[in-house]
There are 2 protein chains.
Amino acid sequence: MANRSMLDPTSDRSLADQLADILRTAIHSGSRSQGSQLPSEREFENDYGVSRTVVRDALDALVLEGLVVKRKGFGTFVRRLPPVRRVSSRNRHDLHRTADKPVFDVEAALNGRVPSRQLLSVGREQAPADVAQWLEIEIGAIVVVRRRLQLLDDNPAVISASYYPLWLAEGTMLESSDALKRGPDAEIEALGHPPAWGTEVFRARMPNPQERRLLALDAGVPVVRMLHIDYTETNRPLQVADDLYAADQHEFAFMWTSEEGPAPA
Amino acid sequence: MANRSMLDPTSDRSLADQLADILRTAIHSGSRSQGSQLPSEREFENDYGVSRTVVRDALDALVLEGLVVKRKGFGTFVRRLPPVRRVSSRNRHDLHRTADKPVFDVEAALNGRVPSRQLLSVGREQAPADVAQWLEIEIGAIVVVRRRLQLLDDNPAVISASYYPLWLAEGTMLESSDALKRGPDAEIEALGHPPAWGTEVFRARMPNPQERRLLALDAGVPVVRMLHIDYTETNRPLQVADDLYAADQHEFAFMWTSEEGPAPA
DNA sequence: TAGTGGTCTAGACCACCTT
DNA sequence: AGGTGGTCTAGACCACTAG
């Protein structure tokens, strides 16, 4: 069909941009619905009278925006948006203590999802620069690291690495290769070091190929890296938790109250 | 030169992936330093014995990861990482009141950057769905909207839209097309409605082309959308601030303390 | 087996930037 | 003017997925 007229080769905008615009509008307006299949690349080629390169450039742009998903050997589809889990920043210590479960499990339950986890590795490593800085130790000093992949409904959701200073973790369950039933936070408290306060710092960025594989990310999905640092009452760092979230599955929430007023609902 | 031997056409991994890996490693190891120019696409073509398509696929992947930047008619360069501004979540009300300046200005100063702003538009609009929900009004109800672009050292940094319910903003300075010297938060307080508490919710995603243009984003840089909602003491929503941050220029920080203990440094 | 997206080649012309 | 990245064509072969 001569839809060719819909693309203007004399325009300032590239043919791929124009085609992407047409599809973007169709998707946002709902005239191409979530999960529906788009024409094949060869069909677009014929319909719009352009080369496959142009079609692919247009579709790839939409993939990067997270609007469509390509499935090799099958087709291209308007992306279904996954449900979002809300992660709340608050006193993790209180959160796990009231439920006697790891924080991740508590929040998953609040969102009606089934949590699980795979322990990836436990061992001693040299602390990377930023972790060392937060732990207030030398760069390259030895720390205990627990790496795990946390899942929601069996879908990878968070890559976690927890770094513990040797003075705290040496010879404890934190160095054990078994899963910690109560979660590391409870373990730390059991060692006689209840966290008194903490800081969270995070940034969003694009994942590297390894992270994209582990989290099974669609193309064009950013990750949010959150560093969570717990301190003792005497301001000694207890742990650095380095969590990497798939950005299309998580949102983050925080609250403040003025002065000492009671916290509202 | 026959660097050709460094790419393996029989590998499972694509030639573009292999080339990207080589360059990624070189960049991370520092053997290609920040700001340095890469060989041209035609040079890579010769050096590795592949077509320009392969070279472009490899370089484009690195662009998406934010590792390199292409400049048309000039060359391809290892990206310089911009300085990061840390945004702290806390009582915005307190923050501006102690400084008598907009929060953005206070935080910019803390980071040693020069803040400025362009007022994009002021007027009445229909509230989008999520804003209406937070303001506890009907979807499509009329609200007052102030849109502005906030800059650091004259570089676009944040796209902001603030939504005010009519009962609050009607006929006030909040509807004025002039810049608000003290910032909107001070204006709201001056109207007799000091915010008592607030919530922040945010997600990371890829920008759309318009957002990418306004924020002058490099390719492959995500944005962080933060919704900030302020409430009166009687839990009445005062405003929804919708801020869009360039993710490569901002990180976000939060703090918690256990119980009523004094806040540490 | 037929159709899909993934990869790759070997060209071409353009707009842009520097010297 | 000469080199750069941006766009585009017209093919080709591959690996994957369905019926």
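A polar contact is taken here as a pair of N or O atoms within 3.5 Å. By that criterion, a polar side-chain atom of B:Ser40 lies 3.4 Å from a phosphate oxygen of DNA strand D. The model is predicted, and each distance quoted below is computed from it.

**Contacts with the DNA**

| Protein atom | DNA atom | Distance |
|---|---|---|
| A:Arg56, side-chain N or O | phosphate oxygen, DNA strand C | 3.1 Å |
| A:Gly73, backbone N or O | base nitrogen, DNA strand C | 2.8 Å |
| B:Gly73, backbone N or O | sugar or linking oxygen, DNA strand C | 3.5 Å |
| A:Gly73, backbone N or O | sugar or linking oxygen, DNA strand D | 3.4 Å |
| B:Ser40, polar side-chain atom | phosphate oxygen, DNA strand D | 3.4 Å |
| B:Arg42, side-chain N or O | base nitrogen, DNA strand D | 2.6 Å |

DNA strand D has 24 residues around it, of which A:Leu15, A:Ser51, A:Thr53, B:Arg42 and B:Arg52 come nearest. Sugar or phosphate makes up 66% of the atoms of DNA strand D within 4 Å of the protein, and bases make up the rest. By class, the surface comprises six nonpolar, eight polar and 10 charged residues.

DNA strand C is likewise surrounded by 24 residues, the closest being A:Arg42, A:Gly73, B:Leu15, B:Ser51 and B:Thr53. Of the atoms of DNA strand C that come within 4 Å of the protein, 66% belong to sugar and phosphate. The surface near DNA strand C contains six nonpolar, eight polar and 10 charged residues.

**The hairpin of chain A**

A:Gly73, which contacts both strands, sits in the turn of a hairpin formed by β1(A) and β2(A). Three residues separate these strands, and A:Gly73 has a positive phi of about 75 degrees. The strands pair in the antiparallel sense over four bridges, and A:Val69 has A:Phe77 in β2(A) as its bridge partner. In a regular strand the side chains alternate between the two faces of the sheet. Both faces of β2(A) are covered, with A:Gly75 and A:Phe77 buried on one side and A:Thr76 and A:Val78 buried on the other.

**The sheets built from both chains**

One open sheet has eight strands with mixed pairing, in the order β4(A)-β5(A)-β6(A)-β9(A)-β8(A)-β7(A)-β10(B)-β3(B). At its edges, β4 (115-126) of chain A and β3 (85-88) of chain B each have a single partner strand, so one side of each is left without a neighbour in the sheet. Neighbouring strands are turned by 20 degrees against each other on average, direction ignored. Within this sheet, β5 (residues 142-152) and β6 (residues 155-165) of chain A run antiparallel and are joined by 10 bridges; A:Val145 is paired with A:Tyr163 as its bridge partner. Helix α5 (residues 103-110) of chain A packs on the sheet, touching β4, β5 and β6 of chain A, and its direction makes about 155 degrees with that of β4(A).

Nine bridges connect the antiparallel strands β8 (residues 223-231) and β9 (residues 237-246) of chain B, where B:Ile229 has B:Val240 as its bridge partner.

Terms used:
Residues are numbered from 1 along each chain as its sequence is written. Chains are lettered from A and ligands numbered from 1 in the order in which they are written. This is a predicted model: local features need pLDDT of at least 70, side-chain atom pairs count only at pLDDT 80 or more; totals for chains, interfaces and linings use all residues. Side-chain values use heavy atoms; hydrogens and water are left out. A residue is near a molecule or strand if one of its heavy atoms lies within 4 Å of it. A polar contact is a pair of N or O atoms within 3.5 Å; within protein, one must be able to donate a hydrogen and the other to accept it, and residues adjacent in sequence count only if both atoms are side-chain atoms. Ala, Val, Leu, Ile, Met, Phe, Trp, Tyr, Cys and Pro count as nonpolar, Asp, Glu, Lys and Arg as charged, and the others, Gly among them, as polar. Two strands pair if DSSP finds at least two bridges between them. Helices (H or I, at least four residues) and strands (E, at least two) are DSSP runs, numbered from the N terminus. Axes are lines fitted to C-alpha atoms, for helices over the stretch in contact, and angles run from 0 to 180 degrees between N-to-C directions. Contact means heavy atoms within 4.5 Å. Buried means under 20% relative accessible area, exposed over 50%, partly exposed in between (1.4 Å probe, protein chains only).
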